[in-house]
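Please read it with the structure open.

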Amino acid sequence: MPPCWTLSRGIFLAYPVCEQKDMLRIRVLHGPNLNLLGTREQSIYGTLSLGALDSAITNLAEELAVKVDLRQSNSESELITWIQEARKGYDGIIINPAAYTHTSIAIRDAIAAAGLPTVEVHLSNIHQREEFRRRSYIAEVSIGQICGLGPIGYLLALRGLYDHLTASQRQKKMSAPGTSRRAAKGAR
Ligand code: CA2
């Protein structure tokens, strides 16, 4: 984390931007077998390892001053627990549920219950492959789905979710009682 400090109301705060109270927090979840990225099936999933993909996501998150929490699991139950827990302390979710995309009503229900803006990501184009991959239980509870663009899809998801969340933050500030349009923009 680069040493980055924040200026608030004319005072330099003595903690890094990554600990700012109002910093957006996004949980990024990778589903089953994605720990194998870069080792097999490179013609479908590419050559990048999961570690390298996570580093690219972390770099962009730092650029956007967003806190990301990255996790991978082969267990449906663990993914569900992480989605449920995200309700406390996270603003949004990016998820590649991998094969659970096409089978898991439980993950779908967990996302719906968490009520957090969620973006579904797939490395491959699930609509261009076997018939069974076209069905996503996750799409209906997501604000968007990105597929077929490889690892860049995660970065686009992060930018898209960031835009979505900052737009809602701005809207909340504008509609807060006693907040005029000018005041919400920070005008004196
Ligand atoms: O394209 C995607 O990202 C998928 O979510 C990947 C899943 C697949 O079941 C979905 O239909 C689409 C599979 C992940 C398996 O990842 C591997 C990576 C390297 C080697 C073997 C498997």
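Predicted model: local features only at pLDDT ≥ 70, side-chain atom pairs only at ≥ 80, totals over all residues.

1. Helix packing. Two packed helices are described by the angle between their axes and the distance between the axes. For helix H3 (residues 76-86) and helix H4 (residues 105-114), the axes approach within 9 Å and the crossing angle is roughly 5°. Angles under 35 degrees count as roughly parallel, so H3 is roughly parallel to H4. On the H3 side the contact is made by Glu 76, Leu 79, Ile 80 and Ile 83. H4 contributes Ala 106, Ile 107, Ala 110, Ile 111 and Ala 114.

2. Salt bridges, total. Side chains of opposite charge can pair when their charged atoms come close. Nine salt bridges are found in a search of the whole structure.

3. Glu 63 and Arg 159 form a salt bridge through their side chains, at 3.6 Å from N to O. Glu 63 counts as exposed because its relative accessibility is 62%, and the cut-off for exposed is over 50%. Arg 159, with a relative accessible area of 41%, is partly exposed.

4. Pairs between residues 129 and 134. Arg 129 is bridged to Glu 130, with 3.9 Å between the closest N and O atoms. Glu 130 is partly exposed, at 35% relative accessibility. Arg 134 and Glu 131 also meet in a salt bridge, at 3.2 Å from N to O. Of these two partners, Arg 134 is partly exposed at 40% relative accessibility, whereas Glu 131 is exposed at 59%.

5. Nonpolar surface patch. Which residues form a nonpolar patch on the surface? They are Leu 149, Ile 152 and Leu 156, and their accessible area together is about 270 Å². Leu 156 is placed in helix H5 (residues 152-175). The relative accessible area of Leu 156 is 39%, so Leu 156 is partly exposed.

6. Positive phi values. Asn 33 has phi near 75°, which is positive in a residue other than glycine. Asn 33 sits in the loop between strand S3 (25-30) and helix H1 (42-45). Ala 98 also has a positive phi, near 50°, and is likewise a residue other than glycine. The loop that holds Ala 98 runs between strand S5 (92-96) and H4. Is Ala 98 buried or exposed? Ala 98 is buried: its relative accessible area is 15%, and buried means under 20%.

7. Surroundings of Gln 72. This residue, Gln 72, is part of strand S4 (residues 67-72) and counts as partly exposed at 22% relative accessibility. Gln 72 and Pro 32 are 40 residues apart in sequence, yet their C-alpha atoms are 7.4 Å apart in space. With neighbours within four places in sequence left aside, Gln 72 is in contact with His 30, Gly 31, Pro 32, Asn 33, Leu 34, Asn 35, Leu 50 and Trp 82. One of these contacts, Asn 33, is a residue with positive phi.

Note on methods: Residues numbered from 1 in each chain as written. Heavy atoms only, no water. Patch = residues over 30% accessible without salt bridge, like charges linked within 9 Å, V, L, I, M, F, W, Y side chains within 5 Å. Areas by Shrake-Rupley, 256 points an atom, 1.4 Å probe, with all protein chains shown as cover. Salt bridge = Lys/Arg side-chain N within 4 Å of Asp/Glu carboxyl O. Helix = DSSP H or I, 4+ residues; strand = E, 2+ residues; numbered from the N terminus. Buried < 20%, exposed > 50% of the residue type's maximum accessible area, 1.4 Å probe, protein only. Axes fitted to C-alpha atoms, helices over the stretch in contact; angles between N-to-C directions. Parallel < 35°, antiparallel > 145°, perpendicular 65-115°, else oblique. Contact = heavy atoms within 4.5 Å.
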